[in-house]
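Here is a friendly note to read alongside the model. I have grouped my points by region, so please keep the viewer open as you go.

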Amino acid sequence: MRTRNCLFLLLWVLFDGGLLIPLQPQPQHTLAAEPRENVLHLPGRRFHFHRVKRGWVWNQFFVLEEYMGSEPQYVGKLHSDLDKGEGTVKYTLSGDGAGTVFTIDETTGDIHAIRSLDREEKPFYTLRAQAVDIETRKPLEPESEFIIKVQDINDNEPKFLDGPYVASVPEMSPVGAYVLQVKATDADDPTYGNSARVVYSILQGQPYFSIDPKTGVIRTALPNMDREVKEQYQVLIQAKDMGGQLGGLAGTTIVNITLTDVNDNPPRFPKSIFHLKVPESSPVGSAIGRIRAVDPDFGKNAEIEYNIVPGDGGNLFDIVTDEDTQEGVIKLKKPLDFETKKAYTFKVEASNLHLDHRFHSVGPFKDTATLKISVLDMDEPPVFSKPLYTMEVYEDTPVGTIIGAVTAQDLDVGSSAVRYFIDWKSDGDSYFTIDGTEGTIATNELLDRESTPQYNLSIIASKVSNDHQEDKVNVLINVLDVNEFPPEISVPYDTAVCENAKPGQTIQIVSAADRDLSPAGQQFSFRLSPEAAIKPNFTVRDFRNNTAGIETRRNGYSRRQQELYFLPVVIEDSSYPVQSSTNTMTIRVCRCDSDGTILSCNVEAIFLPVGLSTGALIAILLCILILLAIVVLYVALRRQKKKDTLMTSKEDIRDNVIHYDDEGGGEEDTQAFDIGALRNPKVIEENKIRRDIKPDSLCLPRQRPAVEDNTDIRDFIHQRLQENDMDPTAPPYDSLATYAYEGNGSVAESLSSIDSLTTEADQDYDFLTDWGPRFKVLADMFGEEESYNPDNVT
């Protein structure tokens, strides 16, 4: 308490003398100090025209945490310079914890804490104080803010928030090797006293590890700790506050430390000699035994590589490492034969793959052992003298001809006789037979190379003494060709020649194919047939490389004269006996541009205008088809509705329906029917009976009204139409009545070519040559025509 009072007095002197500036200075008010401890002087009221000596402000109190006294803990006192001790001033307290944690005496200004406080829960409280006049209830001075700090005591032990810990350190590490750093946290105030000053120590784990008291770093304390001796360590660490002094609080944690492996141990074979027994029938590539070297290390440091040291028969075997068990697996590289060699002896070496240079001084990290392999005798099948037999035979060879033989032998001690037969699965059609004792193979049917050029037989040889012991070999029989087929053109060619072709141009290159198996160097020759060699339009040039070229012999070809040419080509081979064939090639004449590019090869293109597109051609053809369909439909209807002639009398004033296939001449044509009957209105006044097919009852003649003179023909036709529609005596079916009015004669006369006196042959198209080069094709088409000779096939 004396120390605290001295501190308060020193601060008052510093502030009053101007050495310190208060946290919340109020220069406009008069400040006074009361000679009591923990007194907060509130600024006084401001007086005009008076200079007041500035006081000091002490705005911070301290209260002890975890106070366990029976009375409320005294905190401090508020005092105003305007309080003269007459009881006219009232003190109020507001802010953090006012009324619940802290109370104030309204008259004296004394502040007390009414409950125990925890600094770790809340380290300080901010409150506001004010002096009020009791009578007027008005503030005597502005509200002042101050802080009450909770003073710490050592009530929290250090805690390891990250524990328990797991760490590792390589085995054989030197003293002082870093392992791990631990850290303890103390909730007490680290700025006040030694409550939060932590010191570390090891309670369990000596003499293997040590810890730095201040930093908590754990290090090794013994050299060359061996994982193979002890791998796991559990260390108990203590953290104590108060600097480790008596009375401090402590916390503990566990650190589990593992020694990691290093390659400090070489592999070792448990014995120096290994014995294996292997049957001679073991297949190549099979595993015949296992050996193992022991390495106390772990993981990749225990990985072992096995090798065979060159020695007696070591080249017949191989050794590989089983990655799961680290064993050496011995495998057979070549077949064993008890009759040839009965035992093999060689050395096997085991070594580490991953070496540590720190332990080279210990010695070589490898070991060797001797391996002895004994071969066991087995009853083996016979063995063929060759792994594969190849034979040849000409097609059409007579049945029973021997083409070859196979040989098998029993190599076991006390050998047995061998029997041969053909596996039926490989020769289901029985083209061949085999002698069961001698192994000779002969033909059983006539062979055809073009049908089957090669046969693959499986020949089985078995012991007579034990037919379960058998061996199999493949026999390839090649059927040799006999020249029996002539050569032919390899593919059908679509050959074309331009109308503007020149002599000597090659228009097609052809090649030949022969169904026979042609020997190496087979040559084909090409030539024209004798009948085509007389005045030929084309010729054949043999290039002497099994190809030939078709060349032109004329200067220009005309599609209108001849569209197709047929060229017979004779092809001959060079085998014995010589075979030949005549192949006819079809050559079309096409229209080409000046560069020789084909423009059109169609026949109808000759008669169409130049430049007419394919779409226009299709449209024209569709129109023609539609017209043909209409004509056919019309003829069918005519046949179906054929009736008697409606009018036969010339005196009948009704229309004559006349059908004809030529174009009429309109009103000017008086040959078709008498138009005067239509123009004479007097004639129609006569009553006539219709000459249609009559019903049972007789139809009386109808009275028609007279038509005025000079009535237009169209009005007349309209009137006649109405009469027929309204006629009650008409039969219950339609009759045909046509009324034609073509109009006046055309100035251009008829456009029909039916009655034309001239024909296309009479036309002269020489004027087309005067129209320039663009109409050259038309001039050629309609110029001089060459007669077509159907007998010319070349």
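1. A definition to start: patches here are made of residues with over 30% relative accessible area and no salt bridge, with like charges joined within 9 Å and nonpolar side chains (Val, Leu, Ile, Met, Phe, Trp, Tyr) within 5 Å. A salt bridge is a side-chain nitrogen of Lys or Arg within 4 Å of a carboxyl oxygen of Asp or Glu. Accessible areas come from the Shrake-Rupley method with a 1.4 Å probe, and for residues only the protein chains shown count as cover.

2. This is a predicted model, where local features need pLDDT of at least 70, side-chain atom pairs count only at pLDDT 80 or more, and totals for chains, interfaces and linings use all residues. Residues are numbered from 1 along each chain as its sequence is written, and side-chain values use heavy atoms, with hydrogens and water left out.

3. On the surface, Ile618, Ile620, Leu621, Leu622, Ile624, Leu625 and Leu628 make up a nonpolar patch with about 670 Å² of accessible area together. Ile620 lies in helix α2 (residues 614-640); helices (H or I, at least four residues) and strands (E, at least two) are DSSP runs, numbered from the N terminus. At 41% relative accessible area, Ile620 is partly exposed (buried is under 20%, exposed over 50%, partly exposed in between; 1.4 Å probe, protein chains only).

4. Strand β38 (residues 564-572) runs antiparallel to β35 (residues 525-528), joined by 4 bridges; two strands pair if DSSP finds at least two bridges between them. Leu528 stands opposite Val569 in β38. β38 is also joined to β39 (residues 580-592), again antiparallel, by 9 bridges.
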